[in-house]
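Please open the structure in your viewer and keep the selection tool at hand.

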Amino acid sequence: MIGFDLTINLSLTITLCAIIAIFFIPLKLKSNLAALTVFVNAVLYSRISLPALYGNVIEYSLNTGNFMGNIPLRIDGLSAWFIMIVGFTCLTGVIYGGGYLKTYNSTKSELNLHWILFMLFQLSMIWVCMLQHGLAFIIAWEIMSLSSMMLVIFEHNNPKTIKSGINYLVQMHISVILLTIGFIWVYFQTGSFDFNAFNVFFNGNANIWLFLIFFLGFGFKAGFIPLHTWLPHAHPAAPSHVSGVMSGVIVKIGIYGIFRIISFLKSDFLLLGEIIITFSVLTGLYGILNAAVHRDFKRMLAYCTIENIGIIGIGIGIGMMGLGNNNPMLYYLGFGGALLHVLNHSLFKSLLFYSAGSVYQQTHTRNMERLGGLIKSMPKTAVIFLIGAIAIGGIPPFNGFVSEFIIYSGLLEGMKSNSLNQLILLILSIAGLSVIGGISILAFTKTFGTIFLGTEREKLAHKPEEVSVRMLFPQYVIIIVMMTVAFFPQIFMNAIGNILQRMSILRSGFEIAGFTNYSTIISNISRYSAVFICIVAIIWGVRTFVIRGKTAETVPTWGCAYVGSVPKAQYTGKSFSKPLGKILGFLLIEKKKYVEIKSGEIFPISRKYASNYHDFFELFFIKPISKHLVYGTNYFKFIQNGRIQSYVIYGIVFIIAIFIITALNII
Amino acid sequence: MLIFILILIAAIFFSGIIIRTKSIFSGRKGPGILQPIKDVIRLFRKGSVYSQTTSFVFQIAPTVYFASVIMAMLVVPFGQYKGFISFNGDFIFFAYVLALGKFFSIISAMDTGSSFEGMGASREALYSMLAEPAFFILMGSLALLTGHLSFQEIFAALHIGSYITYALAILATFVILMIAMIENSRMPIDDPKTHLELTMIHEVMILDNSGFDLGLILTTGYLKFAIYGALIVNLFVGVIPYGYTIPMFFIIQFLVAIAIGTIESFMARFRMGHNAQFIFALTSVSLLIFFGALLILGKFI
């Protein structure tokens with residue numbers, strides 16, 4: 001039996017050894033060493049987390065002497081749930097990444113740095129979930145943000161990548177500022193950085209403001225609108241295994257933070273729940289609308305992440321309403337659906353990013369309009385992407401339906417409420433969620449259809465081939481886990497029920513019975529899904545039997561009597577989603593670049609036409625603000641003049657100022 | 001069990017009745033009521049032609065599409081009697097299973113690489129997406145009104161208490177009828193008899209399907225009509241015993257078919273650009289039902 005302290009020491013030692021060793025081992029083995037370390041860490045922390053899922057909270061106090069005093073480390077159910085998700089997704093990411101980065105084997109030092117950062121990235125995320133001390137939390141949070149930012153800019157020769165990385169860095173630091181303000185506020189009120197101080201704070205002060213500060217801070221990470229603008233830049237820029245892990249878990253760490261703060265709340269549940277639901281429905285709609293029109297398939301997946309954060313947020317909002325209305329059913333269904341969707345989304349989103357990465361590795365383009373017909377050259381990747389696409393649309397028989405169903409049930413159970421404004425909010429949320437589902441079908445049929453179906457639209461420099469087993473293997477593992485969630489949901493529902501039953505927020509009288517009831521319904525649904533698969537199999541069997549011996553010709557596609565072959569005339573992703581973009585033109589800002597035909601022009605000349613969709617919030621919210629900020633800060637440009645001498649002077653002035661201030665007892 | 005067989009029987013006649021209605025209105029004699037089924041049987045016996053662009057997706061899609069509708073049929077109740085499958089929130093399952101079928105029919109159209117079929121696929125995805133909130137708000141409102149969450153419980157409890165609920169049922173009939181038209185790509189959203197690929201929705205998606213697969217797709221369309229007809233029946237039968245409900249079932253299905261035929265005879269197809277507005281207006285009718293439910297429950301105080 002390895003205890004908590006031993007686990008921590010062991011994992012730190014192993015990671016440190018691996019970081020040193022990675023410099024000395026041959027190029028080929030570097031990724032294997034990283035995979036091994038990530039695996040060991042995932043196993044170590046999952047092993048101690050597993051009992052915590054079922055109620056045994058484990059604690060440990062890290063003594064840092066005078067520096068920060070005793071730092072409490074605690075793994076309760078909530079932490080354990082997120083730690084296990086982080087562990088699993090990082091593991092698949094590192095295995096996939098080993099295959100994905102094969103083509104980059106010439107740049108040795110970069111690979112060293114990359115794998116070291118990846119290991120740190122995983123550890124810091126796990127530590128964020130364990131640390132229950134404000135300052136230490138911020139430090140781990142910062143390591144997580146910085147390491148992920150460095151991972152994003154792997155292809156640093158590309159100025160666009162650097163730009164996205166810096167964008168990410170800046171936004172993450174606004175988030176850190178908000179979090180720091182929150183923690184310091186609690187510190188000043190209670191004199192402690194321990195998370196337990198939140199209980200004291202929320203008992204004595206208004207809940208709403210501190211919560212909103214934290215919600216904004218964590219919302220940056222999670223990607224609620226209008227704080228989402230880093231996602232569509234950072235995800236396409238990062239190498240695919242990194243974007244898979246980032247989208248799969250790093251945005252979920254933001255959700256973890258929100259959950260953590262909620263678990264300390266004492267009042268104002270109803271108001272906060274309504275705020276969260278409203279924002280979440282809008283986030284979901286906005287995310288999926290953009291996903292439907294974008295043609296960079298990794299950017300499209302990034303927008304889809306925003307959509308799923310919206311769905312998770314709806315769950316959280318319902319849970320809050322349950323607490324506010326004293327309705328245990330809503331509490332369990334809302335938070336339960338949100339937690340399960342966190343798991344589900346981490347699975348199918350990493351799956352989609354990995355398979356999209358396989359496409360990128362083979363074709364070297366992220367523009368889906370240049371692709372087509374890849375199902376013939378990369379059949380396995382195509383099927384994997386198809387499974388991910390169906391699952392993420394929340395369609396049975398896959399796992400996405402399970403969590404979306406719980407959230408729908410929460411919304412419907414909430415309809416038993418008596419308050420008119422809640423009812424209206426709920427019915428609009430149901431409508432919103434159904435529209436999200438509908439548009440996600442549009443978005444994913446577009447993406448899958450354009451990339452994998454039809455014929456190739458452009459001759460590519462290299463003929464795409466199926467990717468290596470090393471890249472396919474983690475994707476198969478993810479599919480197996482997805483199927484486990486879809487067909488044996490009761491395992492996960494029980495764990496979630498346990499987590500929720502023990503959350504510190506819980507009041508007496510919150511019976512879990514209703515949730516268990518739903519858990520039975522959901523395991524029945526998985527049975528019906530099995531029935532569905534049987535029906536498909538039977539019809540397929542009948543079909544095979546009937547068409548046996550009949551003629552089956554193969555001819556070109558019916559071109560309405562036009563017999564020439566024009567792959568370029570295929571329906572494109574752009575044209576597929578154009579009607580939607582047109583209806584919602586006020587939100588999906590399309591910018592076109594072309595030269596008008598002049599009146600005197602008689603002879604045809606070659607022309608260029610480009611059209612791009614822009615992010616509404618980036619264009620009208622983020623950009624104007626940053627523009628004004630830049631305008632103001634221009635006056636302070638003289639401070640950063642690039643001369644080391646000046647910087648030394650600043651340092652001296654600062655030290656003297658601190659000295660004088662403390663000597664005179666001003667602070 | 002019973003409802004399953006009833007829907008199958010209704011599906012056999014449904015399309016034939018629509019066609020007959022249309023031919024009577026246009027002054028023709030028209031084909032026999034069973035002609036659509038005979039067409040399907042003929043198709044089942046034929047060989048197939050596949051496009052060389054297509055992959056396995058194209059082959060498996062009609063099967064999945066058909067299976068999804070069969071699965072949705074299992075959920076439909078018959079007044080107070082349950083369907084094969086009944087649980088809290090089964091109408092979510094109903095809608096999402098149908099969505100799976102739609103997903104496959106869309107990607108199968110894209111699999112052919114034809115620009116026309118892609119066009120149809122895009123429209124199908126858009127219009128069915130727009131119709132989604134109308135259905136969910138409708139069912140949500142009925143759930144609110146009755147306090148139950150499954151098809152069978154909702155329909156069984158719908159008319160207990162007051163007769164005003166029949167007014168809501170009539171509004172709901174309109175919504176479901178229109179959803180059926182959208183789902184089956186009929187007038188006024190789409191004209192199945194048009195001869196120009198550019199203006200088709202559903203018909204253009206299946207241009208390349210032939211033989212058994214085309215037969216399956218056509219059958220699916222008939223079944224879908226009968227399923228939505230059965231939902232409309234459910235809005236009215238409530239707790240009436242079997243003896244009356246079975247004739248009622250066929251009468252209402254018959255009326256629905258005639259209504260569809262009449263709409264198709266006297267309306268022109270909307271311009272594509274106007275469809276979105278029309279379908280979205282359906283959502284506002286659903287919202288009307290929601291407010292009706294609130295009024296009946298006395299929550300507006």
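A residue is called buried if 20 or more other C-beta atoms lie within 10 Å of its own, exposed if 12 or fewer do, and partly exposed in between, with C-beta atoms placed from the backbone. Helices (H or I, at least four residues) and strands (E, at least two) are DSSP runs, numbered from the N terminus. This is a predicted model, in which local features need pLDDT of at least 70 and side-chain atom pairs count only at pLDDT 80 or more, while totals for chains, interfaces and linings use all residues. Residues are numbered from 1 along each chain as its sequence is written, and chains are lettered from A and ligands numbered from 1 in the order in which they are written.

**The two chains**

Select chain A, which has 23 helices and five strands. Its C-alpha atoms fill a box of roughly 90 × 70 × 55 Å along the principal axes. The radius of gyration is taken over C-alpha atoms, and the globule rule is 2.2 Å times the number of residues to the power 0.38. For 667 residues, a compact globule would have a value near 26 Å, and chain A agrees, with 26 Å. Of the 667 residues of chain A, 53% count as buried.

Select chain B next. Eleven helices and one strand make up its secondary structure, in the order α-α-β-α-α-α-α-α-α-α-α-α along the sequence. The C-alpha atoms of chain B fill a box of roughly 60 × 40 × 40 Å along the principal axes. Of the 301 residues of chain B, 61% count as buried.

**Where the chains meet**

Two residues are in contact if their C-beta atoms, placed from the backbone, lie within 7 Å. The contact between the chains takes 63 residues from chain A and 66 residues from chain B. Which element of chain A gives the most to the side that touches chain B? Select α17(A), which gives the most, with 15 residues. Among the other elements that give two or more residues to this side are α16 (399-414), α20 (513-547) and β3 (552-555) of chain A.

**Two pairs of helices**

Two packed helices are described by the angle between their axes and the distance between the axes. Axes are lines fitted to C-alpha atoms, for helices over the stretch in contact, and angles run from 0 to 180 degrees between N-to-C directions. Angles under 35 degrees count as roughly parallel, over 145 as roughly antiparallel, 65 to 115 as roughly perpendicular and the rest as oblique.

Select residues 77-100 and 108-130 of chain A, which are helices α3 and α4; their axes come within 9 Å and cross at roughly 170°. α3(A) is therefore roughly antiparallel to α4(A). Residues making the contact include A:Phe82 and A:Val86 of α3(A) and A:Phe118 and A:Met125 of α4(A).

Now select residues 240-262 and 297-325 of chain A. These helices, α10 and α12, pack at an angle of about 20°, with their axes 11 Å apart. They are therefore roughly parallel to each other. Among the residues in contact are A:Val251 and A:Ile255 of α10(A) and A:Ile309 and A:Ile312 of α12(A).

Select A:Asp268, in the loop between α10 and α11 of chain A. Its phi is near 60°, a positive value in a residue other than glycine. Most residues other than glycine have a negative phi, and most peptide bonds are trans. A:Asp268 is partly exposed, with 19 other C-beta atoms within 10 Å.

Continue to helix α11 (residues 269-293) of chain A. Is this helix largely enclosed or open? Because 19 of the 25 residues of α11(A) are buried, the helix is largely enclosed by the rest of the structure.

Proceed to A:Asn326, in the loop between α12 and α13 (328-363) of chain A. Phi of A:Asn326 is also positive, near 60°. A:Asn326 is exposed, with 12 other C-beta atoms within 10 Å.

Select helix α15 (residues 379-392) of chain A, which has 14 residues. Eleven of these 14 residues are buried, including A:Phe385 and A:Leu386. Just after α15(A), A:Gly394 takes a positive phi of about 70°. In the loop between α15 and α16 of chain A lies A:Pro397. The peptide bond from A:Pro396 to A:Pro397 is cis, with omega near 5°.

Finally, select A:Pro226, in the loop between α8 (207-222) and α9 (231-237) of chain A. The peptide bond from A:Ile225 to A:Pro226 is cis, with omega near -5°.

Note on methods:
Expected span 1.5 Å × (residues − 1).
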